[in-house]
Amino acid sequence: MELGPPGGAGPAEPGPRLRGLRGDDRAASAAWLSEASAGRRAPSVAAVLPAGGSGERMGVPTPKQFCPVLERPLISYTLQALERVCWIKDIVVAVTGENMEVMKGIVQRYQHKRISLVEAGVTRHRSIFNGLKALAEDQPNSKLCRPEVVIIHDAVRPFVEEDVLLKVAIAAKEHGAAGAIRPLVSTVISPSADGCLDHSLERTSHRASEMPQAFLFDVIYEAYQQVTYKRDLYAAESIIKERISQQICILMDAKEDEEHVGRCLEEMLKKELNHVKVTSGALCHAGRDLQQIILEQCYNFVCVNVMTSDFEETRKLLNALEESNLSILYPVVVISVHFLDYKLVPFGQKMEHLMQIKEFAKEVKKRNILLCGLLIYYPQDEQKLQESLRQGATIIATLIKERSFGLVGQLMVA
């Protein structure tokens, strides 16, 4: 990555031209800094700049913070803007490991001062947290001082004025947290569930949040410690969801001459879910077999019903699951699959039976069981049947992976 011509200029040339402090702001700045001369310790202030972005949204190979503007990386201008503010004691930049040497080169070439580099995290949130940890004085060999106020700013926003930085810092000292805002210029709408306009917000009553933001250090550091813990819980939940999707139990309700269609669905599921363990058994023996499956903690069940639109066998399965209390630990997904011949059974009669799934689903949802229905027309010629089975397997796989409460009680057709 090219950083610009050799022998680059110092931090004052070139750079964004910032307005000086206005009268009231100059007085506030003077009061802020005069605390030390009056025998009182001036509030210590540091800044954290997350700079771990990859440039994906911008659609360029070079992260935008390193893109050259007038032959100088954009982030250098932002650092220069903060360096001009004498009361910001430390500036911590969080950058990815692969760009660490690039960032060191920028600091050296453009003679930036008061800059400390830390490794960025996988998200902006974790990058900021890493910057805060560097300021917390609890890191080995740390040369930084724990500030009273910390300013968080974007590495790609160089046109930040000292009066804005001063205002958010003073407000954070007084209130604990503060941030820059601006009036809304675009219309903001609230859509309805079907994607249509529900209502638009009154622009004069709302503001857009901007950077920089400032916080009492102890407030934001404690908050990030708690939020990081919660995010780790979300990550753990994602892992759990992935793991419990690795086993499916298929229960058949079919005579011997009809059983093959259920077996075909089972084979299709095995193809759709390469690494998933698929077990099957007859509903007539479900009592004994199901208890063993529950003991193995299977959370996904497909109940196959051939040539019937009632839910008698599915209800037996639901009753067994309710008695087991398996769903106390995590939601159990049950998909009631019905193979029906639309030529033999009047469509209205068939759908009337199948729509009962909504009532069943509403009841078992209270016990953390997610019930959905799937209708597959049968018999069909072999080619059409294979396509329907493939679509059905895809739907089942998606329902099991997503475990969406929003699809509970829905009847899908393959």
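Predicted model: local features only at pLDDT ≥ 70, side-chain atom pairs only at ≥ 80, totals over all residues.

Student: Why is strand β14 called largely enclosed by the rest of the structure?

Tutor: Buried means under 20% relative accessible area, exposed over 50%, and partly exposed in between, with a 1.4 Å probe and protein chains only. Strands are DSSP runs of E, at least two residues, and helices are runs of H or I, at least four, numbered from the N terminus. In β14 (residues 332-340), 9 of the 9 residues are buried, so the strand is largely enclosed.

Student: What makes both faces of β14 count as covered?

Tutor: In a regular strand the side chains alternate between the two faces of the sheet. V332, V334, S336, H338 and L340 are buried on one side, and V333, I335, V337 and F339 on the other.

Student: How do you know that β14 and strand β15 pair?

Tutor: Pairing requires that DSSP find at least two bridges between two strands. β14 and β15 (residues 369-377) have 9 bridges, in the parallel sense; among them, S336 is partnered by G373. Strand β13 (residues 300-306) also pairs with β14 in the parallel sense, over 7 bridges.

Student: Why is the pair of F129 and Y224 called stacked?

Tutor: Rings of Phe, Tyr and Trp (its six-membered ring) pair if their centres lie within 6.5 Å; planes under 30 degrees apart count as stacked, over 60 as edge-to-face and the rest as tilted. The search of the whole structure finds 3 aromatic pairs. For F129 and Y224 the centres are 6.3 Å apart and the planes at 25 degrees, so the pair is stacked. F129 lies in helix α4 (residues 124-135) and Y224 in helix α6 (residues 217-244), so the pair ties together parts that are 95 residues apart in sequence.

Student: What makes F129 buried?

Tutor: F129 has a relative accessible area of 9%, and therefore counts as buried.

Student: How do you know that K133 lies over the face of F129?

Tutor: The criterion is NZ of Lys or CZ of Arg within 6 Å of the ring centre and within 35 degrees of the ring normal. K133 lies over the face of F129 at 4.8 Å from the ring centre.

Definitions and conventions. Residues numbered from 1 in each chain as written. Heavy atoms only, no water.
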